[in-house]
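Me: Hi! Could you walk me through this one while I have it open?

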Amino acid sequence: MTVWFDSACPLCQREIALMRRLDRRGAIHFVDVCAPDADCPIDRADLLTRFHAQENGRLLSGAAAFAAMWRAIPLLRPLGLLADWPPISPAFEAAYRGFLRLRPSLQRLFK
């Protein structure tokens with residue numbers, strides 16, 4: 001599994017640091033989109049707009065990408081399975097979109 005993240009974002013830095021600590025098996029390959037040599041499957045600007053992950057060759061974004069990352073970490077796997085469950089997944093995506101509207105304010109707060 002691969003996760004692309006924005007190292008220039010203070011929220012992303014904290015989130016990825018936590019995920020790295022929880023990923024004791026090393027199941028996730030984290031790619032810093034801001035690194036000049038980053039291998040990006042789509043346009044870098046698109047990767048910076050929404051959270052992206054690749055699971056089993058499938059590129060995911062938004063809440064689906066978070067759910068995939070959580071499923072790769074045993075402690076968070078139940079949350080990842082719940083977030084991917086069709087009756088619940090639209091609510092997770094709606095929450096993620098709401099977070100995106102708040103993200104700029106939260107980034108300024110965490111700088």
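Reply: Happy to. One thing first: this is a predicted model.

Me: Good to know. How many helices and strands are there in the protein?

Reply: The protein has five helices and four strands. Starting at the N terminus, they run β-α-β-α-β-β-α-α-α.

Me: And what about the radius of gyration?

Reply: The protein has 13 Å, which agrees with a compact globule, because 111 residues would give a radius near 13 Å. Along the principal axes, the C-alpha atoms fill a box of roughly 35 × 30 × 25 Å.

Me: How much of the protein is buried?

Reply: Buried residues are 40% of the 111. The accessible surface of the protein is about 6,600 Å², and carbon and sulfur atoms hold 58% of that.

Me: Switching to charges: how many positive and negative side chains are there?

Reply: There are 15 positive and 11 negative side chains, and the centres of the two sets lie 7 Å apart.

Me: OK, inside now. Which residues have the most contacts in the largest nonpolar core?

Reply: That core has 21 residues, and those with the most contacts inside it are Val3, Met19, Ile28, Phe30, Phe51, Met69 and Trp70. The elements giving two or more residues to this core are β1 (2-5), α1 (10-22) and α3 (63-71). Helix α3 has the largest share of this core, with seven residues.

Me: What does Trp70 touch?

Reply: Leaving out residues up to four places away in sequence, Trp70 touches Glu15, Met19, Leu76, Arg77, Leu79, Gly80, Ala83 and Phe92.

Me: Let's look at Glu15, then. Where is Glu15 found, and is Glu15 buried, exposed or partly exposed?

Reply: Glu15 is in helix α1. Glu15 counts as partly exposed because its relative accessibility is 26%. Apart from residues up to four places away in sequence, Glu15 touches Phe66, Met69 and Trp70. From Glu15 to Phe5 is 9.5 Å, C-alpha to C-alpha, with the two 10 residues apart in sequence.

Me: There's another glutamate I'm curious about. Is Glu55 buried or exposed?

Reply: Glu55, which is found in strand β3, is buried, with a relative accessible area of 16%. Beyond its neighbours within four places in sequence, Glu55 is in contact with Met1, Leu60, Ala68 and Arg71.

Me: And the residue after that, Asn56: buried or exposed?

Reply: Asn56 is exposed, with a relative accessible area of 79%. Asn56 sits in the loop between β3 (52-55) and β4 (58-61).

Me: What is the phi of Asn56?

Reply: Asn56 has a positive phi of about 50°, although it is not a glycine. For context, most residues other than glycine have a negative phi.

Notes: Residues are numbered from 1 along each chain as its sequence is written. This is a predicted model: local features need pLDDT of at least 70, side-chain atom pairs count only at pLDDT 80 or more; totals for chains, interfaces and linings use all residues. Side-chain values use heavy atoms; hydrogens and water are left out. The radius of gyration is taken over C-alpha atoms; the globule rule is 2.2 Å times the number of residues to the power 0.38. Buried means under 20% relative accessible area, exposed over 50%, partly exposed in between (1.4 Å probe, protein chains only). Accessible areas come from the Shrake-Rupley method with a 1.4 Å probe; for residues, only the protein chains shown count as cover. Lys and Arg count as positive and Asp and Glu as negative; His and the chain ends are not counted. The place of a charge is taken as NZ of Lys, CZ of Arg, CG of Asp or CD of Glu. A nonpolar core is a set of buried Ala, Val, Leu, Ile, Met, Phe, Trp, Tyr and Cys residues joined through side-chain atoms within 4.5 Å. Contact means heavy atoms within 4.5 Å.
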